[in-house]
Amino acid sequence: MDFNLSEEHLLIGEAAQNFAENYLLPGVIDRDEVQKFDKELLRQMGELGFMGMMVAPDYGGGGMDTLSYVIAMEEISKIDASAGVIMSVNNSLVCWGLENFGTSEQKEKYLTKLASGQVIGAFCLSEPEAGSDATSQHTTAIDKGDHYLLNGTKNWITNGDTAEICLVMAQTHPEKQHKGINVFIVEKGLAGFVVGKKENKMGIRASDTNTLMFTDVRVPKENRIGDDGFGFKFAMSTLNGGRIGIAAQALGIAAGAFELSLKYSKERRTFGKPISEHQAIQFKLSEMATKVEAARLLVYKAARLKDEGKDYIQASAMAKLYASETAMWVTTEAVQVHGGYGYVKEYHVERLMRDAKITQIYEGTSEIQKLVIARELLK
């Protein structure tokens, strides 16, 4: 077991930290307030290689390993979890799914633009009645010979308004249940494709989350990924890796809240001394640091297993479960350490607390992670 990061990994972490502190931090409170992410920041993230880190250089990506990706994700999410989730969806779900299961033509046409950040992608699985139960797809894709006719509604879609390329899961053969689901590359702007309302969220407010509606949208046959009926397997395989990205986001939120608390505890004085000298605060800081480090090790382990080509399903579920629970606990304690100031936006921890909650819900709730872990244990 080697707990040392390579020089390359350290440099990637440093680059992500510098970008987060110098470019993301200055406007992070304003972006949360107005619920809008700066397109210039998206462009810069693309230029720095953060939008296609694991994609092969042949398709415009960085060709990096999963560990590099989670290191960068943590640093970005310490400052701005909205930037983190935009980056995670594009990397873990859209780019990874296309690169691993798409045709060479699909990769050439779409992946090169996504990996470089020229365009942003969205992963469209959830529906009004298909959240944790992803098999209950009511969006349909009827085979019309040279094209599919897409009809239905997708909910809670990250990058829903920003994305130019969407990976959409839809049912083609209802009698086959989940084995009849397909996945399609759907471009923004097709007739019948409408972006619905933007959700007014508690957290990750700078990332757009929208309802997407499809009415008789003609999707070319060549835009189906994989064989007929491959969609559900595509979604589950992609989400297994996506959990590592969200675990890294949760880790970043927790680590960011802890670092702010540590700094504040040395500056804030009560009863004639810094609050860091009070045992009650020391105990909080100790437990926060321990949980963050444990979460980091679980995330790194999952990333390593994925990079080594080993089974990482259980490890990614464990990392996502523990890191998200840690993010919620640590951010709540961070607000407590800050006292009344913790309730004020300019001290950042209240935003991190709001951002933390969604990590227990999207890309598989904590309850779903427990089911995944149990199934792996009982195999």
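Visitor: Is asparagine 155 buried or exposed?
Guide: Asparagine 155 counts as buried because its relative accessibility is 13%; buried means under 20% relative accessible area, exposed over 50%, and partly exposed in between, using a 1.4 Å probe and protein chains only. This is a predicted model, where local features need pLDDT of at least 70, side-chain atom pairs count only at pLDDT 80 or more, and totals for chains, interfaces and linings use all residues. Residues are numbered from 1 along each chain as its sequence is written, and side-chain values use heavy atoms, with hydrogens and water left out.

Visitor: Where does asparagine 155 sit, and what is it in contact with?
Guide: Asparagine 155 is in strand β3, residues 147-158 (strands are DSSP runs of E, at least two residues, and helices are runs of H or I, at least four, numbered from the N terminus). Beyond neighbours within four places in sequence, asparagine 155 is in contact with Ser126, Glu127, Pro128, Asn210 and Thr211, contact meaning heavy atoms within 4.5 Å.

Visitor: Switching topic, which residues touch the most other members of the largest nonpolar core?
Guide: Those are Leu24, Phe37, Val70 and Met87, in a core of 94 residues. Such a core is a set of buried Ala, Val, Leu, Ile, Met, Phe, Trp, Tyr and Cys residues joined through side-chain atoms within 4.5 Å.

Visitor: And which helix gives the most to this core?
Guide: Helix α7, residues 231-267, with 16 residues.

Visitor: What about serine 261, buried or exposed?
Guide: Serine 261 is found in helix α7 and is buried, since its relative accessible area is 0%. Setting aside residues up to four places away in sequence, serine 261 touches Leu285, Met288, Ala334, Val337 and His338.
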